Amino acid sequence: MTQLVVPSTVAELGQVIGSGRVIAGGTDLLVQMRAGREEERLIDITNLADGPSPVVHRDGVVEVSAVASISSVIEALAGRLPAIAAAARVFGSRQIRNRATIGGNLANASPAADMVPPLVAAGAEAVVQGRVGSRTVLVSELSTGPGTTVLEPEEWISLLRVPLPHGEEGFLKLGGRAAMAISIVSLAWRWRTDTDGNLHDVRLAFGAVAPTVIRVTEAEAAIEGQRPTPDVVNKAVSAIRRSVRPIDDIRASAWYRRQVAADLFRYAVDA
Amino acid sequence: MRVNGQLAETGPSEERLLDFLRERLGLTGAKEGCGMGECGACTVLMEGEAVCSCLVLVGQVGDASIVTVEGLGAPELLHPFQQAVVDAHATQCGFCTPGVVVSVAGLLMKDPHPEPDAVLQAIEGNLCRCTGYAPIFQAVEAAGAAPRL
């Protein structure tokens with residue numbers, strides 16, 4: 001029978017970390033356990049009296065607690081980080097959003113995780129705590145494949161540092177229905193448009209088309225510094241189609257995902 | 001934890017809140033429709049927020065207040081939304097209904113006159129196989145929501 005421990009301070013957590021699986025909202029972990037995943041012990045990290053504040057605005061950076069619920073960030077970040085807020089808005093269902101956390105979404109490392117693309121496009125970092133000390137990991141380097149991360153058993157994600165955008169950012173997701181749907185393909189983007197209409201500092205992060213969220217740097221380079229004319233957009237689309245590595249699964253075929261990845265980009269540019 | 005305003009004797013911390021409510025407290029309004037957080041039939045309010053009780057362990061509730069459908073209305077005194085459900089025939093087999101009532105009541109507590117988008121967001125996690133949702137929307141409108149065009 002699985003044991004649940006709920007430390008109430010970081011010090012208490014430090015004493016038990018490594019002796020079980022970290023759980024936050026558990027909206028995917030508990031489902032996996034119901035489907036057969038065995039965990040002897042769960043360590044709930046959402047009850048730390050001395051954990052980080054939910055959202056802190058610093059110079060040019062927003063620090064978000066890893067155990068902030070998805071629903072809490074919709075309001076908190078809608079103004080300054082609209083891509084993350086947009087992803088949060090279409091995450092699961094309301095019941096799921098009220099329990100699921102950003103850190104949990106990252107640690108669970110689904111290739112279709114919705115909070116990951118906007119964080120990758122933003123160049124966000126995760127602060128990873130251990131028993132003694134902490135380290136910083138780029139969100140883009142956190143997941144190593146479906147369900148796996150660089151986190152050691154004695155580590156947990158405590159907060160996310162997200163640089164503010166200098167221009168626009170957005171997030172689009174295609175799912176089988178309007179809510180409660182795992183992404184078939186998702187795209188988060190960031191760029192800055194100058195007065196001549198050229199796009200700069202382009203970041204394109206795609207979800208659900210590779211074992212981890214990927215940036216298509218070839219497509220970014222194709223548009224960098226240019227206006228999104230049909231020619232330029234088509235070049236980027238070709239790069240996207242070449243770069244994504246989708247699979248056939250129960251939700252969609254690889255062929256369809258490749259097509260949709262390109263289409264999401266076109267939507268993003270037209271928006 | 002507090003359940004419907006009363007202090008509840010706690011159970012094993014690894015037990016699902018859904019099972020604790022149904023089996024130990026006899027509050028059988030919340031249903032197990034899927035056990036995976038996808039259907040919303042097990043919805044309860046935790047500190048006023050709708051959650052799937054099949055995905056919450058008793059030990060994770062702490063001091064939070066839990067409200068189930070039984071805490072929102074009773075046959076002799078229906079919650080206004082429950083009355084609206086009756087009037088709009090927004091229930092057929094009834095299995096999703098407690099979850100729908102909890103989700104909508106939770107919304108109306110925060111926003112008595114929600115826009116259609118807010119209504120959709122509030123009930124998108126409650127699946128209904130019988131009504132086709134239209135009567136449910138009518139009931140929510142009768143209970144105060146802005147009408148959909």
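How many nonpolar, polar and charged residues are in the lining of the largest cavity? Let's look at this predicted model through a few close-up views and find out.

View 1. The structure holds one cavity of 30 Å³ or more. Its volume is about 120 Å³. Fifteen residues line the cavity; Val116(A), Val139(A), Ser143(A), Thr212(A) and Val213(A) are the closest to its centre. Two elements of chain A, α6 (102–108) and α7 (116–122), each give two or more residues to the lining. And here is the count we asked for: ten lining residues are nonpolar, five are polar and none is charged.

View 2. Strand β12 (residues 185–193) of chain A is mostly covered, with seven of its nine residues buried. Strand β11 (residues 168–174) of chain A runs antiparallel to β12(A), and seven bridges join the two. To find your way along this pair, look for Leu174(A), which stands opposite Val185(A) of β12(A). Strand β13 (residues 199–207) of chain A is also joined to β12(A) by seven bridges, again in the antiparallel sense. In this pair, Arg190(A) stands opposite Arg203(A) of β13(A).

**View 3. The turn of the hairpin.** Five residues sit between β12(A) and β13(A), and the two strands form a hairpin. Find Gly197(A) in the turn: this glycine has a positive phi of about 90°.

**View 4. An open sheet in chain B.** Five strands of chain B make up an open sheet in the order β2-β1-β5-β3-β4, with mixed pairing. The edge strands, β2 (6–7) and β4 of chain B, each pair on one side only. Two bridges hold the antiparallel pair of β1 (residues 2–3) of chain B and β2(B), where Arg2(B) stands opposite Leu7(B). Helix α3 (residues 97–110) of chain B lies across β3 (43–46) and β4 of chain B, at about 30° to β3(B).

**View 5. A closer look at Ala50(B).** This alanine, Ala50(B), lies in strand β4 (residues 49–52) of chain B. Is Ala50(B) buried or exposed? Ala50(B) counts as buried because its relative accessibility is 0%, and the cut-off for buried is under 20%. Beyond its neighbours within four places in sequence, Ala50(B) touches residues of both chains: Arg94(A), Gln95(A) and Asn98(A), along with Thr43(B), Val44(B), Leu45(B) and Ser103(B). Compare Arg2(B), which is 48 residues from Ala50(B) in sequence and 15 Å away in space, C-alpha to C-alpha.

Terms used: Residues are numbered from 1 along each chain as its sequence is written. Chains are lettered from A and ligands numbered from 1 in the order in which they are written. This is a predicted model: local features need pLDDT of at least 70, side-chain atom pairs count only at pLDDT 80 or more; totals for chains, interfaces and linings use all residues. Side-chain values use heavy atoms; hydrogens and water are left out. On a 1 Å grid over the protein atoms alone, a cavity is a set of points where a 1.4 Å probe fits but cannot get out, and a pocket is an open set with protein on both sides within 12 Å along at least five of seven lines; lining residues have an atom within 4 Å of a point. Grid points are joined across faces, edges and corners, and a volume is the space filled by probe spheres set on the points. Helices (H or I, at least four residues) and strands (E, at least two) are DSSP runs, numbered from the N terminus. Ala, Val, Leu, Ile, Met, Phe, Trp, Tyr, Cys and Pro count as nonpolar, Asp, Glu, Lys and Arg as charged, and the others, Gly among them, as polar. Buried means under 20% relative accessible area, exposed over 50%, partly exposed in between (1.4 Å probe, protein chains only). Contact means heavy atoms within 4.5 Å. Two strands pair if DSSP finds at least two bridges between them. Axes are lines fitted to C-alpha atoms, for helices over the stretch in contact, and angles run from 0 to 180 degrees between N-to-C directions.
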